[in-house]
Amino acid sequence: MMPQITTNLRTLFPNRLSFLSSLNPNPISKFNTRIIIPFNHNHPLFTCSSSVNPRRHNSRSFTSNRKPMKTDDDNKKVGLGGGFNKKRAEGKDKSSRPKDLKLKVRRLNPVNTISYLQILGTGMDTQDTSPSVLLFFDKQRFIFNAGEGLQRFCTEHKIKLSKIDHIFLSRVCSETAGGLPGLLLTLAGTGEEGMSVNVWGPSDFKYLVDAMKSFIPNAAMVHTRCFGPSSKFDGVLLNNNPEKVNDQIKLVDDEVVKISAVLLRPETGVVKDESATKSSDISVLYICELPEIRGKFDPEKARALGLRPGPKYRELQEGISVKSDLKDIMSYNSNLCKTVSAENLLKFHLRPYAQLGLDKSGIPIKAGPNEIINDLISELPEISDAAKQVSELWECEDDAGDGVTVVEGDKNINEEPWINQNIVSRCLENITREDVEIVLLGTGSSQPSKYRNVSSIFINLFSKGSLLLDCGEGTLGQLKRRFGIQGADNAVKGLKCIWISHIHADHHTGLARILTLRRDLLKGLPHEPLIVIGPRQLKRFLDAYERLEDLDMQFLDCRHTTQDSLALFESNYDNQLNENKIENTLFSKGSQMQSHWKKGITSVDSSVSYPIIKNLKNVIGVAGLENVISFPVVHCPQAFGVVLKGMDRVDKSGEIIPGWKIVYSGDTRPCPELVEASRGATVLIHEATFEDALVEEAIARNHSTTAEAIEMGNSAGAYRIVLTHFSQRYPKIPVFDESYMHKTCIAFDMMSINFADLHVLPRVLPYLKLLFKNEMIVDESDDVEDAVTIAA
């Protein structure tokens, strides 16, 4: 599986694993297959029948090189930090206009072709990928199932998804299709013209497509096709009718392969009576057949098997099994099937026939913690001393003075004088290691990469429960990597609410997988539906998706949880008994951004929203939170940040200790709403997509640079700043200017920041610089991120 950079980071904190920790990969659990992958209801997913008859960047830090901000109509000033792209914020910029995606046209050669089957995920190791299979031809590619983690897995192992022609779903659910939205957006943003694929699924695939329409343009899904019962749909689906022969539905039939589908139900097997079949019960068996290519007859092998020249030679060449003339054996025209255990990247060669059989050469070698640590020490011998230094941060008094060298003899790693300003915030007095922990599950932007998954933050309140801030694709897999399979299940069961910042795919497409798992884990147990807070477009997605799967959730619009809205609900509840509507404002009075979305504001039905707000207050109260407050930010329509406020505590002397405060920016340009919401924050988690030299690009895309994010935190008086949501052009460590990092930390996937460790957080920075001093920076295609925001 994917090596995690946090495995290396973990060596720095041998005594405080809760500060910066990772999960060792779980042992591999194998299952049997003969080029058949078992799936839901013990139905096989795939049967294959073959008739054999960078640019390098220096490790030095960059100083800020910001250019003058634009002040025209499209890039107006928004308080601190510069301008913003007005059209993008309103969803009217050029990235909102989808491309006219065309299917690839291939010239196929059935004779001189290479073909193999490859496992792209077993779902049985760390369970962060679902079972998925690649059928490869040198001129055509097919994938069966596209669960969460598929894109990241293929990126790591250099499998080009841009070459895929067809995707087939064995069942339509979050397990098999959770990675499909992100994949379609990535393909739509690839190259100048974008790329498209045929996506096939049973009839209930329509519901998934309807749900995805809320954030993916129709152009990215023009080649989605349904088949099976009740497949007469309008819209973009099924623009050709697959041929049905003898209970097999023929989907693809060309010179190199024929692919057919058989519809199955758990109770009765093959579907006969379509009118009596509920579409959501259906799963699919795909049968792939390669055309017959006769091989060259080998008379020497025939004689060795005891066959005399004559009619039996002809029968054998025609594919008929014959009995040996001299031995009591039968000679067959093909090999006997045998059972093997699927492993990631296992191949079965189909063409050329001379290479027919299994190929295990690409299966990754599994490395344990000791091997990884030894490799790291071999690469950076000084890391051993650094690890000892870090472990002492919690044990020694901070009285070393200015300019103390943390790694003797290394002139590149020096503590700065400001690091010794170890003033503990009042809200952290008497804090324990079982109070609050921030786990950065995904710290990259746009799409998953090898080292950084997309946005998700797990707020661990330990025995009091947990919250998720954003839930990008692969969030569940990251939870399993961090906490183990059982630990992840417990974390999901303990969720109090999930908060989503905006409707871009890298922030919410892991949501359905989390909700359906929680539904299954709590089935038969007394519980309340989980509260999901998000922008109003998210409700359209969830409403459409619930026609496919029950999500067991309640939705609350972010607009209902702004400070003004919450105060209005509280103050007017007694007076609204005789009213049906209650006024709601998206932006506070006097906001410079108010006019941009004012036309889209509608009245809020208090009879629906107020009970959910009351439920939310009860739920978060049990978790020790005073409130969850959303505030508008400048990125795209209906984009928000959030404030989590802990309850006040009382010390032994009876004095009140103010509650802690976590602020998460979501995706945004610098704006006064963010500064105001972050006043006195204990931790500000702020996006820092771009390095300081790319400020114009940050403005164009309504993101922030590193310097701008830190400026926001400093202006608000935040105690600590955690930077996240880095462009995937920075595979491991982003470019930053260390001169202003005195209370700031760079986030990594799986990094865990316990509030008991916040006072030493900035002192980790020199060690991170040491750990990544030889890393490279890679180029990122602008089209990739445009694809993610294409529906803004």
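How many helices and strands does the secondary structure of the protein hold? The secondary structure comes to 22 helices and 35 strands, both taken as DSSP runs numbered from the N terminus (helices are H or I with at least four residues, strands are E with at least two).

This is a predicted model, in which local features need pLDDT of at least 70 and side-chain atom pairs count only at pLDDT 80 or more, while totals for chains, interfaces and linings use all residues. Residues are numbered from 1 along each chain as its sequence is written, and side-chain values use heavy atoms, with hydrogens and water left out.

Of the 792 residues of the protein, 58% count as buried (under 20% relative accessible area, with a 1.4 Å probe and protein chains only).

The structure holds 13 aromatic pairs. The rings of F215 and F541 have centres 5.5 Å apart and planes at 80°, so this pair is edge-to-face (ring centres of Phe, Tyr or Trp, its six-membered ring, within 6.5 Å and planes over 60 degrees apart). F215 lies in the loop between α6 (205-212) and β8 (224-227), F541 in helix α14 (residues 536-545), and the two are 326 residues apart. Both F215 and F541 are buried.

One aromatic cluster is formed by F137, F142, F144, F168, W200, F227 and Y286. The ring of W200 also has the charged end of R225 over it. The table lists charges over rings (NZ of Lys or CZ of Arg within 6 Å of the ring centre and within 35 degrees of the ring normal).

| Charged residue | Ring | Distance from ring centre |
|---|---|---|
| R225 | W200 | 5.5 Å |
| R720 | Y719 | 4.1 Å |

Terms used:
Rings of Phe, Tyr and Trp (its six-membered ring) pair if their centres lie within 6.5 Å; planes under 30 degrees apart count as stacked, over 60 as edge-to-face and the rest as tilted. Buried means under 20% relative accessible area, exposed over 50%, partly exposed in between (1.4 Å probe, protein chains only).
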